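This report walks through one protein model, from its overall make-up to a few individual side chains. Please keep the sequence and the structure in view while reading.

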Amino acid sequence: MSGTRRVRPSPGAAIVSSPWIIVSIGVIVMVVLLVVALGSVRGRRTFAESPPPAPTMSLPELAATTTPTTSGQAARPPTSAAGPVVPGLSPRSTVLPARPTPSPPAGTGTARPGGPPAPAPAAPPVTGRYGVVNSFDGGFIGEVRLVNAADTARGWTVRLTFPRGRLVTAWVSGAEQGSGDFTDGVFTYRSGVALAPGASVALQFHFEQTGTTRPTSCAVDGADCSGL
């Protein structure tokens, strides 16, 4: 019995017979690796604290302009003709074009601004001036003196209005007689012969019971007589 050797188990057989030893060693290795990894992560910056500043663009400086001064006035500071320029943007005009002014329709008779003035109406060729030759109780003798200002011979027509009264007679003094009529207070006389250029003649008439020597209206060829 003393000569018998005791057989010792080999290290491999002990490890195989005790698997918890392998698991413990693996767990220890994983813990060590995890600690090393966490230490390396803490030494790094994961996020940037603030975004990098935007690149700036230097703008050309405008030349300073000075306003001339007069005696007693202080110099004004230089002003810029335009606002700051934003890179990448182009200025646009916001002024709308003016609407065209419509022209007045033709034939309205409105003179355009700045145009020639409208011509004055031409004077009638034959004009008349009213007057009283003689007045008496109950009546009077009056006349319309006619003047031809045209370059050619002209006929004429005289109209007098007397709301009251009675026409006794009418004649052209020193010239060819025409034709007359008195209806509803209106006395109308038309020349018998055209009046020569520059010539003058008097149409005379005798009225009674008019109450006045002044007619309500007097016209020669539609133009008012003078002298009233």
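The accessible surface of the protein chain comes to about 18,400 Å², and 59% of that surface belongs to carbon and sulfur atoms. The model is a predicted one, and of the 228 residues in the chain, 16% count as buried. The secondary structure consists of two helices and nine strands, and, reading from the N terminus, the elements run α-α-β-β-β-β-β-β-β-β-β. Among contacts between residues at least 6 apart in sequence, 68% join residues that are at least 24 apart.

**The open sheet**

Five strands form an open sheet in the order E5-E6-E3-E8-E9, with antiparallel pairing. Strand E5 (179–183) and strand E9 (223–224) are the edge strands, each of them pairing on one side only. The pairing of strand E8 (residues 217–220) with E9 is antiparallel and rests on two bridges, and in this arrangement Val220 stands opposite Ala223 of E9.

**The disulfide**

How many disulfides does a search of the whole structure find? The search finds one, and this disulfide joins Cys218 to Cys225, with an S to S distance of 2.2 Å. The link between Cys218 and Cys225 is left-handed, with -65 degrees about the S-S bond. Both cysteines are in the interior class, since Cys218 is buried and Cys225 is buried as well. In general terms, a disulfide is a covalent bond between the sulfur atoms of two cysteines.

**The nonpolar core**

The largest nonpolar core has 20 residues, and those with the most contacts inside it are Val144, Leu146, Trp156, Leu160 and Phe205. At least two residues of this core are supplied by each of strand E1 (126–136), strand E2 (139–148), strand E3 (157–161), strand E6 (186–190), strand E7 (200–208) and E8. E7 gives the largest share of the core, with four residues. In soluble globular proteins, nonpolar side chains tend to be buried together.

Val144 illustrates how such a residue is surrounded: leaving out residues up to four places away in sequence, Val144 touches Gly128, Arg129, Tyr130, Val158, Leu160, Val201, Ala202, Leu203, Phe205, Cys218, Val220 and Cys225. Both cysteines of the disulfide, Cys218 and Cys225, are therefore among the residues that Val144 touches, with heavy atoms within 4.5 Å.

| Side-chain pair | Polar contact |
|---|---|
| Thr161 and Ser217 | 2.8 Å |
| Glu143 and Gln204 | 3.1 Å |

Thr161 has its place in strand E3. Besides Ser217, the residues that Thr161 touches, not counting those up to four places away in sequence, include Gly185, Val186, Pro215 and Thr216.

Leaving aside neighbours within four places in sequence, Glu143 is in contact with Arg129, Tyr130, Gly131, Val133, Ala202, Leu203, Gln204 and Phe205.

Note on methods: Residues numbered from 1 in each chain as written. Predicted model: local features only at pLDDT ≥ 70, side-chain atom pairs only at ≥ 80, totals over all residues. Heavy atoms only, no water. Disulfide = S-S within 2.5 Å. Buried < 20%, exposed > 50% of the residue type's maximum accessible area, 1.4 Å probe, protein only. Pairing = 2+ DSSP bridges. Core = buried A, V, L, I, M, F, W, Y, C linked by side-chain atoms within 4.5 Å. Polar contact = N/O pair within 3.5 Å; in protein donor to acceptor, adjacent residues only side chain to side chain. Areas by Shrake-Rupley, 256 points an atom, 1.4 Å probe, with all protein chains shown as cover.
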